Amino acid sequence: MAGALGTAAVENGDVSAEVLQRVRGVAGELVLRREGDVLQVISDGVFLMDTRDGRSERLLVRETVAASAAAPARVLVGGLGVGFSLLEALSLPDVGEVVVSELEPQVVRWHTDGPLREITRGAVEDARVRVVLGDVRDLLAASAGGFDAICLDTDNGPDWLVRSTNSALYDADGIALAARALAPGGALGVWSAGRSAAYEQRLRAGFATVARHETEVARGEPDVVWVARSPR
Ligand SMILES: C[S@@+](CC[C@H](N)C(=O)[O-])C[C@H]1O[C@@H](n2cnc3c(N)ncnc32)[C@H](O)[C@@H]1O
């Protein structure tokens, strides 16, 4: 159930943040806040994404598409968040179509008719984009060989989940599921707010070629993107 847009409620003593909307989402309470120029999405009490930076979310898509063998590439972006990854996909010349997988219908509405439109400026309605609502795992399972580049950013990383059931994306079966959804020569990119030796080991067990990209951030621990490539 959507709350009223534009109310100036304050989150838990954080006086500088204005709650724009609070709704019951698929994975719990979903909140959109504004703090100065920055929009923030909070899912079930866990910070999900804000509009402050976006360098590593863009790098996720750029490096994954670059690692894939195809042009034009069929790209999966899961999930939408504030839309930096989607914008990067649409900016790349080698991208032919972009499927966006998003669990929360309200997140998509914030882009079509809400405050996040100021970030993505109608990108979700671009002719190259198809938005698929639901769990990205279901989409992967139904997409054998269907993507040249799969860009996963659904959590704060394999070891810092936003939704406990998302753990199934990062175990050996989840890695195999993504691998099956790739066309020959395709690439899987995974975003994380920190290193994970255990996840990287599982990824290397599933793919012969894995690269790790790190982006320095003010928080301290770098943002990490793994890009794994399937054989041609
Ligand atoms: C960290 S944000 C994505 C940030 C995005 N890369 C960007 O540039 O803004 C995570 C998004 O994934 C969505 N999500 C979480 N679990 C999901 C799942 N299992 N399937 C599809 N979307 C999911 C969340 O609702 C949220 O919109």
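Is Asp44 buried, exposed or partly exposed? In this predicted model, Asp44 is partly exposed at 48% relative accessibility, where buried means under 20% relative accessible area, exposed over 50% and partly exposed in between, with a 1.4 Å probe and protein chains only. Residues are numbered from 1 along each chain as its sequence is written, and side-chain values use heavy atoms, with hydrogens and water left out. Because the model is predicted, local features need pLDDT of at least 70 and side-chain atom pairs count only at pLDDT 80 or more, whereas totals for chains, interfaces and linings use all residues.

The protein is divided into domain 1 (9-50) and domain 2 (55-229), bounds that come from an automatic or database domain assignment. The centres of domain 1 and domain 2, taken over C-alpha atoms, are separated by 23 Å, and the contact between them takes 18 residues from domain 1 and 18 residues from domain 2, contact meaning heavy atoms within 4.5 Å.

Helices (H or I, at least four residues) and strands (E, at least two) are DSSP runs, numbered from the N terminus. Strand β3 (residues 28-35) pairs in the antiparallel sense with strand β4 (residues 38-43) over six bridges, pairing being assigned if DSSP finds at least two bridges between two strands. Val31 stands opposite Ile42 in β4, and the two strands form a hairpin with two residues between them, in the turn of which Gly36 has a positive phi of about 65°. Asp44 lies in the loop between β4 and β5 (46-50) and has a positive phi, near 55°, in a residue other than glycine. A positive phi of about 45° is also found at Arg121, although Arg121 is not a glycine; this residue is placed in the loop between α4 (117-120) and β8 (129-133) and counts as exposed at 62% relative accessibility.

The end C-alpha atoms of helix α1 (residues 55-67) are 18 Å apart, in agreement with the 18 Å that its 13 residues should span, the expected span being 1.5 Å times one less than the number of residues. The loop between α1 and β6 (73-78) holds Pro72, and the peptide bond from Ala71 to Pro72 is cis, with omega near 5°. A cis peptide bond also joins Gly78 and Gly79, with omega about -5°, and Gly79 is found in the loop between β6 and α2 (84-91).

In helix α7 (residues 197-206), the buried residues are Tyr199, Glu200 and Leu203. These residues cover an arc of only 100° around the axis, which puts them on the same side of α7, the arc being that of the directions from the helix axis to the C-beta atoms. On the other side of α7, Ala197, Gln201 and Ala205 are exposed, while the cover over the buried residues includes α6 (172-180), β10 (182-192), β11 (209-215) and β12 (223-229).

The count of salt bridges comes to 16, each defined as a side-chain nitrogen of Lys or Arg within 4 Å of a carboxyl oxygen of Asp or Glu. Among them, Arg55 and Asp53 meet at 2.9 Å, N to O, with Arg55 partly exposed at 43% relative accessibility and Asp53 partly exposed at 38%. In the salt bridge between Arg219 and Asp223, the closest N and O atoms are 2.9 Å apart; Arg219 is partly exposed at 48%, whereas Asp223 is buried at 6%. Salt bridges that share partners join Arg195, Glu200, Arg204, Arg212 and Glu214 into one network.
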